[in-house]
Amino acid sequence: MDPRSVAHALRQIADFLEMKGENRYKSAAYRNAAGAILTVQTDDLAPALASGELAELKGIGPTTLATIRELVESGESRYLEQLRTEIPEGLLEMLRVPGLGIANIRKIHEGLGLSSVQELEEAATDGRLAKLPRFGAGTAAKILKGIAYLREHSAYMLYPRALAESERMLAAVRAHPAVESAVVAGSLRRRNEIVRDIDVVASCREAPESVAASFALAPGVRAAEEKGDGTVTIRLVDGSVLDLHCVTADRFGVALWRATGSASHEREMRERATSRGFSIVKDELRDAIGARMPVSDERALYAALGLAYIEPELREGRGEIAAAAANKLPTLIEAGDIHGVLHCHSDYSDGKATIAEMAKAARALGWTYIGISDHSQSAFYAGGLKPDAVIAQHAEIDRLNAGNPGVLVLKGVEADILADGQIDYDPELLDRFDYVIASVHSRFALDRDTMTARMLRALDDSHVTILGHPTGRLLLSRDAYAIDMEAVIARAAARGVVLEINADPHRLDLDWRYCQLAKSLGCAFAIGPDAHSARGLANTDYGVGIARKGWLEAPDVVNTLPADQIVERLRRRRQK
Ligand SMILES: [Zn+2]
Ligand SMILES: [Zn+2]
């Protein structure tokens, strides 16, 4: 059995255990084992099992190893089959409805005998669900909305998961003897915030069609659909989808461009080709008499159409072709331009690491400053700091900085924007911080006018340096607030408030679609990892991807400034 199939079975066991209300550690053990198994590069786990390699893997213990052994040797797990008879599989599907937790799923199952999302939808529509004790019409309506959301989004993955998936798929494709090289294309290459299918383009030494066909037979494949000319769509056992495009080396450039998209970019490029007497047919660029023109790589394709090279992140049909024609493309920000970050939590609030540990991790990343921005007192559920804890934290930061830690530690805060738009904490306390990130963490459901007024009032407070995760969306689970974002951006520009690009992969907010507008109005940006641990600092790179999609250059982002300029830049707002 292959790693993907084994990992899928282990994850199902974990889901069932959670649904049964078993000890959390038990399900976590199966989830960890699934993660560990996926790191093994092989089509068949039997040799690694026999050699003892699997037993050595971090994340696999004696119990999970026994399950893996059974799966590899017999293709099944009796434990999983047993769990299947105890709990309807449809309940696991209900877990994916946003806002529906295990406790409520159990009540629904026991109270109404429902065991699928389909049945749940019917009961929510015909009024049965509302009659369940402590449910009511409001809850039923919320669940219906959640089901609609699930339908629309269930095929999508967050960026980091898609990235990890693509690395596994790439490794498998590259291992094929006839594949010379393979790269990721599609929306993942364009660094979109959510990704549906993984596209891989492979340059092949021999007949691309037969290479594509051979992948349809690979282990872990549930179904494969060959689409001719070397393209095959592969559905894997765990629901992931791979679109594999196999081509010969001389067609690789155009094939990669095509598979990268987006559809609107592709359409505009074809129009440009036509207007210059060219055409793009399948993976070929052809001249006026239909003869194939040599295109060594993507750059050559853009050059042939009289365009500067367009980075994949910009290929969204938002003016990039006109800019490339006029040689006015932005010099996009890169990860190496970042000198430090400002949105980090420590164990003073809901972070896992101490300030010293966060500082050390920042230094290891080559940064020269790190801002600690714990939650304010109203965010009591996230361990928000009472005023005396702020004073103690500042004393600790002063001590740390005095000890020359190799990075400058800044005194920040992520202060709640209260329901009426006031900022949590008194002005005197706010004055003590180097900067203030103001964020909405409660009362998301205000009507559009009230929410907009709340946000505008917050931006008018001269203590506010940065507007945190401005739209409030949670990718694949919660839409942005109802808010007049244009008005918010215009006010931020007028008041000199920096807009955050929150780099938590669940947020990636400010939405990149607003960046060009905000930049044109004069807004500056801050890429914030919203790190709750040392590892969370790595989120920053996802934020860089979003900034690139938003056409941003290094000077647009305040945390590309060096340490000796950042404090002054952050204080500028308050002095206005
Ligand atoms: Zn926040
Ligand atoms: Zn935060």
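Let's start with one residue. Tyrosine 481 is buried, at 6% relative accessibility. Why does it count as buried? The cut-off is under 20% relative accessible area, and tyrosine 481 is at 6%, so it qualifies. Keep that residue in mind. And one caution: this is a predicted model.

Now, aromatic rings. How many aromatic pairs does the structure hold? Six. One of them joins tyrosine 30 and tyrosine 79. Their ring centres are 6.1 Å apart, and the planes make 45 degrees, which is a tilted pair. Where do these two sit? Tyrosine 30 is in helix α2, residues 24–37, and tyrosine 79 is in helix α6, residues 78–86. Is each tyrosine buried or exposed? Tyrosine 30 is buried, at 4% relative accessible area. Tyrosine 79 is partly exposed, at 27%.

Next, back to tyrosine 481. Its ring pairs with that of phenylalanine 444, with centres 6.1 Å apart and planes at 5 degrees, so this pair is stacked. Both residues are in loops. Phenylalanine 444 lies between β14 and α21, while tyrosine 481 lies between β15 and α22. They are 37 residues apart, and again distant parts of the chain are linked. Phenylalanine 444 is partly exposed, at 30%.

Rings also meet charges here. The charged end of arginine 24 sits over the ring of tyrosine 25, 5.8 Å from its centre. Likewise, arginine 299 has its charged end over the ring of tyrosine 309, at 4.0 Å from the centre.

On to salt bridges. A search of the whole structure finds 40. Take glutamate 311 and arginine 548: their side chains meet at 3.7 Å, N to O. Glutamate 311 is in the loop between α16 and α17, and arginine 548 is in helix α24, so the bridge ties together parts that are 237 residues apart in sequence. Glutamate 311 is partly exposed, at 29%. Arginine 548 is buried, at 10%.

Another salt bridge joins arginine 491 to aspartate 460, at 3.0 Å, N to O. This one runs from helix α22 to helix α21, across 31 residues. Arginine 491 is partly exposed at 25%, and aspartate 460 is partly exposed at 35%.

There is also a network of salt bridges. Which residues does it link? Asp250, Arg251, Glu284, Arg286 and Arg292.

Two bridges join β9, residues 284–286, to β10. And arginine 286 has arginine 292, in β10, as its bridge partner.

Last stop: helix α14, residues 252–260. How many of its nine residues are buried? Eight, which makes the helix mostly covered. Among them are Phe252, Leu256 and Trp257. After the helix comes glycine 261, with a positive phi near 70 degrees.

To recap: we began with tyrosine 481, buried at 6%, and found its ring stacked with that of phenylalanine 444. Thanks, everyone.

Conventions. Residues numbered from 1 in each chain as written. Chains lettered and ligands numbered in written order. Predicted model: local features only at pLDDT ≥ 70, side-chain atom pairs only at ≥ 80, totals over all residues. Heavy atoms only, no water. Pairing = 2+ DSSP bridges. Helix = DSSP H or I, 4+ residues; strand = E, 2+ residues; numbered from the N terminus. Phe/Tyr/Trp six-rings, centres within 6.5 Å; stacked < 30°, edge-to-face > 60°. Buried < 20%, exposed > 50% of the residue type's maximum accessible area, 1.4 Å probe, protein only. Lys NZ or Arg CZ within 6 Å of the ring centre and 35° of its normal. Salt bridge = Lys/Arg side-chain N within 4 Å of Asp/Glu carboxyl O.
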